[in-house]
Amino acid sequence: MAAVRGSAGAGAKGVSVIRREARVRGTVQGVGFRPFVYRLASSLGLSGLVRNTSSGVVVEVEGEEGAVSAFLEQMVASAPPLSHIASIDTRELAPAGREGFHIEESALGARPTALIPPDVALCEECGREIADRQDRRFGYPFTNCTNCGPRFSIVLGIPYDRPQTTMARFAMCADCAAEYRDPGNRRFHAEPIACPVCGPSLFLDGRPAADALARAATWLAQGRIVAVKGLGGYHLACDARNAGAVEELRSRKGRGQKPFAIMVRDLPEAHRVACLEDQAEQLLTCLESPVVILPARPDSGLAPGIAPRQSTVGVMLPYTPLHRLLLDRSPPALVMTSGNLAEEPIEHRDEEARLKLGPVADHFLSHNREIAVPCDDSVVRCAGGLVIPVRRARGLVPRAIPLGIEGPPVLAVGGYHKNTFCLLRGGEAILSQHIGDLDTAEVLDYFGRAVDHFGQLLQVRPEVVACDLHPGYLSTQYAQSLEGVRVIPVQHHHAHVVSVMAELGLSGPVIGVSYDGTGYGPDGTAWGGEILVADYRSFERAYHLLPVRLAGGEAAVRHPQRMALSHLRAAFSAGEAERIALRAMPDLSAVEVQVVMRQVERGLNSPLTSSMGRFFDAAGALLGATPRATYEGQPAMELESMAAAIAEAVPPYPYVVEGGLLDPRPGVRALAAELGQGVDRGLVAARFHETVAAFTIEACRRVHAEGGPGDVVLSGGVMQNARLVSRLIAGLGEAGLRPHVHREVPPNDGGLSLGQAVIAAARSES
Ligand SMILES: [Zn+2]
Ligand SMILES: [Zn+2]
Ligand SMILES: [Zn+2]
């Protein structure tokens, strides 16, 4: 919690009545902070005022010195649950002798730096009201209060007040207005306040419909696909236990085998579909209400098409009254997947949604509260006592990440996969919501608009723009197209490492283990299995995975068997590699194997890569994972699922760590031998994980022993692998090192922009 800074109250000695001003910064708008201050000041018999400003909240209190001190203490100690006080500056004012305490209208004009709060999941009290027949909000899908409801997704500008939101078009009824003005009411200054009389309403297939929820629920029970407009955009929903409906949705959406998230009616239903270990219940019910990826129950009854070839399932609870009311009437587990085609951004405008999702959805359940900023669901993984952030969006964006450094205003544009951008201003970083893969002009256009909107809301005009080293990324080209800014390219894996450091406030130097698919290396090869020694400004490559050929270039991502052939060829003679490949992957023909082998040997359209993600893919392919990956890292995820049954400690395969190289070839030979002997695949998969952990720990230990840092940060998409991360944390600790992992920012490329921004800020100081 923030310390109270300020003058020592000079001149107040001997005077019993004083007046003090407190300027509070942080997340203090739209979180019930002003009514809280009002009630606290009134209870202590103080007069004065509170108002939102563009930089936070200003409070003036006047009264007995003891009461004023008590006020300032309690303002920090018992601030509302959604608020976050970053700092308080106080100063002494001459007593004014005013009567009573007031909430003043917002001051406009100053440079707005106050933060807009993230959207918040339905609170218990509002949940009770919509279930209470006597309540005037019974069954009302847009019920909210100071403690819950839409925020970031409805904000058009700041300060955060109703006229600056998409609720501006709804004039409050007398009852709502009375609640809004009553300091004792839970809805006092709740900006999105609404009721059935005055607020937004439901539409079914474009027409107002009083029975919309019941009819949509019936269609879902009949196996239809319904597009549901929620908080941050449209979802596509269907009955998660209806295999036909799930398959139909998968094929209409062109989704491949990528897992669908599901929304379940309540916690007991969550227990029916998944194993809720450790913090899982707490994660499911927290204010951010993310999708939580959990071990699936074999007897869940869910359609197999929910998460093909995976042992996990992504579950969330209804987080808006609309979802709660729908799930009360519909089947108890619904697929609730982002309403988009393939990897396009989530649809949030009604007309566009009808156009794009029309061919996918049988029906549309929508409403007339506009979504100003689209925002996907946040995703975390809960496994083996770890909580791994996978996507940072609804509920978390635009919460600021405080940094240890100041610098010029920076925009970082991220990379390519799962892209986000990041703005730096006044010692904090604001990471955007998940945008998606930046691979079409359409997504790039959306990206540009999102950057502009953020810049406007936060009043940041970037002077420095950070981008990836890769010249071919659309994000890099976007950065280079901006005028009047200094563009600083940042190496991909350095950015991953610094993204952890920045999130945790580590200034370094650190040992950074950066394992992912691929990122552009300064030597022109594709990096991806990197152990760096890094600080904010620079890095040295201490170790990397033995480079092999990325057989057929990026096509190797979709055809993981090519990577298996490449790693086999690195470890064996041509003849032996072919023989092993044909036995392990019987769906390949001898001709296919020979073609790829020749390609690998000659390096034809097959650049060198040290990618750890592709190494996992290779092992997955050898163990029978999908030969046609429909999303990046699918074979690697399947490999982790295969190992899930092995709980006991297993020995690693042999490896060599020497001369800056992590050489896994002895392990590849041992793995191939075990496969040949028919050893259980789960066990082989577990030993593979153990091997990667072991050579990583050994390399870090050596870097440290040779005078390197003792802090080790883990990042990159491979660090979504809970089995690997658990083993690394334990083993690094045993080796006397201090391991660090992400808390809120994803280790995958969704966190890249944060690292880029901080590196650019540090470099631009010189
Ligand atoms: Zn509420
Ligand atoms: Zn009303
Ligand atoms: Zn990456």
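The questions and answers below concern a predicted model and treat its zinc sites, some of its strands and one of its helices.

Q: What arrangement do the four donor atoms around the zinc ion (ligand 1) make?
A: The zinc ion (ligand 1) is coordinated by the SG atoms of Cys123, Cys126, Cys145 and Cys148, at 2.3 to 2.4 Å. These four donor atoms subtend angles of 104 to 121°, and four donors count as tetrahedral if all angles lie between 85 and 135 degrees. The arrangement is therefore tetrahedral.

Q: How many residues apart are Cys126 and Cys145, a pair that links distant parts of the chain?
A: The donor residues of the zinc ion (ligand 1) follow the spacing C-x2-C-x18-C-x2-C in sequence. Of this pair, Cys126 lies in helix α3 (residues 124–130), whereas Cys145 lies in the loop between α3 and α4 (174–181), and both of these cysteines are buried.

Q: What arrangement do the four donor atoms around the zinc ion (ligand 3) make?
A: The protein donors here are His492 (NE2), His496 (NE2), Asp516 (OD) and Asp749 (OD), which lie 2.1 to 2.2 Å from the zinc ion (ligand 3). Because these donor atoms subtend angles of 85 to 166°, the arrangement is irregular.

Q: How many residues apart in sequence are the parts that His492 and Asp749 tie together?
A: The donor residues of the zinc ion (ligand 3) are spaced H-x3-H-x19-D-x232-D. His492 belongs to helix α13 (residues 492–504), and Asp749 to the loop between β32 (738–740) and α23 (752–764); both residues are buried. The parts that this pair ties together are therefore apart in sequence by 257 residues.

Q: Which are the edge strands of the six-strand open sheet?
A: The pairing in this sheet is mixed, and the strand order is β18-β21-β20-β19-β22-β23. Within the sheet, β20 (residues 422–425) and β21 (residues 428–431) pair in the antiparallel sense over four bridges, with Cys422 having Leu431 as its bridge partner in β21. An edge strand pairs on one side only, and this holds for β18 (401–402) and β23 (486–490).

Q: Is Pro547 buried, partly exposed or exposed?
A: Pro547 is found in the loop between β26 (539–545) and β27 (548–549), where it touches Leu608, Thr609, Ser610 and Leu661, not counting residues up to four places away in sequence. Buried means under 20% relative accessible area and exposed means over 50%. At 32% relative accessibility, Pro547 therefore counts as partly exposed.

Q: Which residue caps the N-terminal end of α18?
A: Helix α18 (residues 612–622) is mostly covered, as eleven of its eleven residues are buried, among them Arg614 and Asp617. Just after the helix, Gly624 takes a positive phi of about 100°. At the N-terminal end, a side-chain oxygen lies 3.3 Å from the backbone nitrogen of Gly613, and the capping residue that supplies this oxygen is Ser611.

Q: Which residue in β15 does Val228 stand opposite?
A: From strand β9 (residues 226–229), Val226 and Val228 point one way while Ala227 and Lys229 point the other way, and all are buried. In a regular strand the side chains alternate between the two faces of the sheet. Strand β9 pairs with β10 (residues 234–239) in the antiparallel sense over four bridges, whereas its pairing with β15 (residues 363–367) is parallel, over three bridges. In β10, Val226 stands opposite Ala237; in β15, Val228 stands opposite Leu365.

Conventions:
Residues numbered from 1 in each chain as written. Chains lettered and ligands numbered in written order. Predicted model: local features only at pLDDT ≥ 70, side-chain atom pairs only at ≥ 80, totals over all residues. Heavy atoms only, no water. Donors = N, O, S within 2.8 Å, 3.2 Å for Na, K, Ca; no water. Tetrahedral: all angles 85-135°; square planar, octahedral: opposite > 155°, others 65-115°. Helix = DSSP H or I, 4+ residues; strand = E, 2+ residues; numbered from the N terminus. Buried < 20%, exposed > 50% of the residue type's maximum accessible area, 1.4 Å probe, protein only. Pairing = 2+ DSSP bridges. Contact = heavy atoms within 4.5 Å. Polar contact = N/O pair within 3.5 Å; in protein donor to acceptor, adjacent residues only side chain to side chain.
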